[in-house]
Amino acid sequence: MYCCNKTKASLSLLEQEEQPACSPLEERGLCFRLSRQVADLKADWQSLAPKENKFLQYEYLQALEAHPPKGMGFCYLIFYKDKEPVGLAYYQTYYLDMQGSVQKELDGEGLLGNLRKKLQQFFLRQAVFNVLICGNLTLTGEHGFYFKEGHGAKQLAWLQEATDRLQTELELSEQKKYQLQMFKDFVLEGDTEKTLAPILQAEGYHRYRIQPGMYMRLPAHWECFDDYLAEMSSKYRVRAKRAAKKGQELEWRALELEEILAQEKEIYELYKNISNNVDFNAYAFDEQYFSSLKRELGEDMELVACYLDGRLVAFYTAIFSGSTLEAHFLGLDHSLNRSHQLYLNILYALVRMGIYRGVEKIDFARTALEIKSSVGAVAQEFDCYLRHRNRISSELMKLVFDHLSPKEEWTPRSPFKDMSIVE
C-alpha cells in the first residue's frame with residue numbers, strides 16, 4: 001500500500017487506517033503520497049518544485065486548479081525515500097472528446113474528399129476517452145515531474161509504476177475507466193526522453209509527435225529592441241517597421257489585478273475569438289482564469305491590454321519561468337488584425353518584453369508556426385507517449401491520433417542576417 005492523504009479531495013485507498021504505512025514499491029524503500037489538491041501537499045511540494053519551472057510551482061498550480069478547463073481534474077504525487085521527499089509528479093485527468101474538439105471538418109468534395117471526410121468522422125466517433133496525463137495539456141514542454149536526485153532510469157521506472165497504481169486508485173475511487181495514459185512533451189532526443197523512452201515502450205506506450213514548439217533565444221548583447229532590429233535582414237526590418245506604423249494608433253498597457261477584474265468579460269470574449277477559430281481545440285479556460293493567474297503569480301505574470309480609441313481590441317499574457325518568458329494565451333479582434341497588424345505586433349511586443357526583462361529565451365508555444373518563425377523563433381520537436389488500456393486498441397490509437405493530429409503546412413523563415421545568433 002502507498003501513502004494517501006485523508007481529506008475529501010484525496011484519494012481514499014487507506015482512509016480507514018489511523019497512520020497508513022508507506023508503500024515501498026516492493027523492496028526499493030520508496031513510497032509516495034498523493035492528493036487531488038496541491039494544498040494538501042503544500043510544504044513538501046514547495047520544498048521540491050524547481051524554481052526554474054514556474055509551471056510546477058505551487059502558485060501556478062493553485063491558479064489552474066481554481067479555474068481549470070471544463071472536464072479537467074488534477075492529481076499530485078510526492079515520492080519519499082527513507083521518509084525524505086525526493087521527487088514529485090503532476091497529473092491531469094481529462095475527458096477528451098475528439099469529435100467535440102475538431103472545429104473544422106475536412107473538405108468533402110469529390111470521391112476522395114468524401115472518403116477522407118467519412119474516415120475522419122469514423123475516427124472521431126471512436127475517439128472518446130478518459131485520459132490520465134503526466135504533464136500539462138494546456139502547455140508546451142516538460143512539466144510532468146521532477147526528481148531531486150536527477151532523472152536517471154531508476155527514478156523514471158518508479159514514475160511509470162506509480163502512474164499505473166494511480167490509475168488503479170482513480171478507477172476504484174471514481175468508478176470509471178481511464179482508457180488512455182499519456183506522458184506529455186519530451187524534448188526530442190533529450191536526456192529525459194533517452195532514459196524514459198525504453199521504459200515506456202517496454203510497457204506498451206507508443207511514441208507520438210504533434211506540432212513543434214517555437215522558441216527564440218535572446219543573445220546577451222541585445223539591450224534594447226533596436227539591437228534586435230539591427231540583426232535583421234533589410235526585408236524583415238522593413239516588415240517590422242511597417243507593422244509598427246500600422247499599429248501606431250494602438251495603446252498598450254500592462255494591467256493590474258483590479259483592472260483585469262474590471263474588464264474580465266471583454267478579455268474573455270477576445271480569448272474566445274482565438275480559441276473558437278482553430279481547427280482543433282481540446283480545452284477552453286473559464287472567464288476567471290487570467291485574473292486567477294495574476295492573483296497567484298503577481299509580477300511573474302503580465303497581462304498586456306491593447307486599446308484602440310479607448311476600446312479593448314487585443315491582449316496577450318506572459319509568464320516568467322526562470323530564465324524563460326512563456327508566451328501564454330492571447331485574444332484579439334479579428335476585424336482589426338490585418339489593418340493594425342495586431343498579431344504580428346503582439347509577437348514583436350513579446351520580443352521587446354523579453355529583452356527588457358533580460359530573459360534568455362522566449363517560448364512562443366505551438367500554432368502559427370510560420371509567422372512566429374518570421375520574428376526569429378525556431379522549431380523544437382517534442383514526443384508524447386500514449387498507451388490504451390487494451391493492447392489491441394493501443395495499436396489502433398496511434399492511427400487515430402496520427403489522423404486527427406492538427407497539421408500545419410508552413411515554411412520556416414529566417415529574419416536575421418545570421419540565424420545562428422538565436423539557435
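## A buried glutamate

Leaving aside residues up to four places away in sequence, E171 touches K176, K177, Y178 and R389. In this model, which is a predicted one, E171 belongs to helix α5, a helix made of residues 153-174. Is E171 buried or exposed? E171 has a relative accessible area of 13%, and because buried means under 20%, E171 counts as buried.

## The order of the sheet

An open sheet of 7 strands can be followed in the order β10-β11-β12-β13-β14-β9-β15, and its pairing is mixed. The edge strands, each of which pairs on one side only, are β10 (251-254) and β15 (378-380). From one strand to the next, the twist averages 30°.

Helix α10, residues 264-275, touches β11, β12 and β13, and the direction of the helix makes about 95° with that of β13. Helix α13, residues 342-357, touches β9, β10, β11, β12, β13 and β14, and its direction makes about 35° with that of β12.

Strand β10 pairs with β11 (residues 301-308) in the antiparallel sense over 4 bridges, and E251 has Y307 in β11 as its bridge partner. The antiparallel strands β11 and β12 are joined by 8 bridges, with V304 standing opposite Y316 in β12. These two strands form a hairpin with 2 residues between them, where D309 takes a positive phi near 55°.

Strand β12 is also paired with β13, again in the antiparallel sense, over 7 bridges, and here A318 stands opposite A327 in β13. The hairpin of β12 and β13 likewise has 2 residues between the strands, and G322 in the turn has a positive phi of about 65°. How many of the residues of β12 are buried? Strand β12 is mostly covered, with 10 of its 11 residues buried.

## The second largest pocket

The second largest pocket holds about 750 Å³ of space. It is lined by 33 residues, of which N53, E142, H143, V187 and K361 are the closest to its centre. The elements that give two or more residues to this lining are β6 (145-147), β7 (180-187), β9, β13, β14 and β15, and β7 gives the most, with 4 residues.

Terms used
Residues numbered from 1 in each chain as written. Predicted model: local features only at pLDDT ≥ 70, side-chain atom pairs only at ≥ 80, totals over all residues. Heavy atoms only, no water. Pairing = 2+ DSSP bridges. Axes fitted to C-alpha atoms, helices over the stretch in contact; angles between N-to-C directions. Contact = heavy atoms within 4.5 Å. Buried < 20%, exposed > 50% of the residue type's maximum accessible area, 1.4 Å probe, protein only. 1 Å grid on protein atoms, 1.4 Å probe; cavity = no way out; pocket = protein on both sides within 12 Å on 5 of 7 lines; lining within 4 Å. Points joined across faces, edges and corners; volume = space filled by probe spheres on them.
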